[in-house]
Amino acid sequence: MKIIQKDWLDEFKVELTTTEVVRIVSPFLNENIVRHLLKNFSGKKIELITRYNLNDFQSGASSITALELLLKNKTNIKGIRDLHSKLYLFDNKCVIITSANFTNGGFFRNKEFGIKSYDDYTVSRANDYFNDLWLIDEEILDTEKIDSWKKILNDSSHTKVFVEPLPDYGKSYEKKIIDSNKRYFIKFFGKDENRVSLDYHSKDEIREAHSHYTLSFSRKSKDKRPRKYRNGDVVFMAMLLQGTDYAIFGKAITYAHNDERDIASSEDIIHVPWREDWPILVRVHSPQFINSTMRYCPKMSQLISELDYESFDKTLKKYNEGVRNINPWKSLRQQADVQLSEYGALWITEYFENAIKQYGAVDDEYLNTFYQGRPIIE
């Protein structure tokens, strides 16, 4: 590994001479540095991940002419909203990780810092990071898009009245992971008197609760129904652990509660006897459960520790209304469920999917051995 504090262009050019594929992550770029790249690179392919925020082009922070130059030289380009990282990859042999954008300021003027590494592991992880970003945007930039952006920029430059900020056409990482048209919830399982240990397996809870096809709610005063759930919402399932924490062990897609259909029948109660006291149902489909004990499931304490009041929809709204000293744990007390904020939904989705990758999902063969409830006719 080599520390780099100056001579950025020299370090870049040295690697270009023996590289077939150069991959660049840079929020901003300008024409001069792009010309240096094209002049010194004789390899096969350039891939660039940058920003498509038209305000950047309007202010001169980035250059639309630079993008045009790259497109003319068979560069594949994608755009990510809120991109901030800077990365320069040369085949599978070298990576520069730096604070320096692909601009004159980054390479010549600003005080920047970074490393150059030939370590196989470091280069491999950098390529993995690039690949993850690359998948967020499904489309390659073309000249037709650039022409439409230039028209917007030109029209904006001629107006003398106040206008809203220009659009950002980059793809959103959050929207790739979660669907902003859906709402995300956590449904709590268990009671204070029967908290489970970390060695309790998700399969045990599926067998106990039949959570593969429905969520259960107690019959409260005035027969309150869980009508907030809509068709297509996402619900995560969290088990109450010994102590004060919860383990998120499953997720499913909800059906909207139906007053007539979604009351536990005598057959439901035969299969799940405790449902006589928890007869109000929200039916779910497409369930997915982490095939592990609660020990290896994402924890509520992790979520709240990292996101604090931004974890939940209600606590985030309170903060935006000016309330301070918010304790997110209080929003869970005596609640059957809680709605996540967009940040919370993103956090849990990522951690849940990572756990599924590591430990696998409970297979359908196991789920199909249990009672499935009355068929839903849509």
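Two strands are counted as paired if DSSP finds at least two bridges between them, and strands (E, at least two residues) and helices (H or I, at least four residues) are DSSP runs, numbered from the N terminus. This is a predicted model, in which local features need pLDDT of at least 70 and side-chain atom pairs count only at pLDDT 80 or more, while totals for chains, interfaces and linings use all residues. Residues are numbered from 1 along each chain as its sequence is written, and side-chain values use heavy atoms, with hydrogens and water left out.

**View 1. Parallel strands β2 and β3.** Five bridges link β2 (residues 21–25) with β3 (residues 45–50), and the two strands pair in the parallel sense. Within this pairing, V21 has K45 of β3 as its bridge partner.

**View 2. The open sheet of seven strands.** The order of this sheet is β1-β7-β6-β5-β2-β3-β4, with mixed pairing. Because β1 (2–4) and β4 (75–79) stand at the edges with a single partner strand each, one side of each is left without a neighbour in the sheet.

**View 3. The open sheet of six strands.** Here the strands follow the order β9-β12-β11-β10-β8-β13, and the pairing is again mixed. The edges are held by β9 (214–217) and β13 (337–339), each with a single partner strand, so one side of each lacks a neighbour in the sheet.

**View 4. Parallel strands β8 and β10.** Strand β8 (residues 184–189) runs parallel to strand β10 (residues 234–240), and six bridges join them. In this pair, F189 stands opposite M239 in β10.
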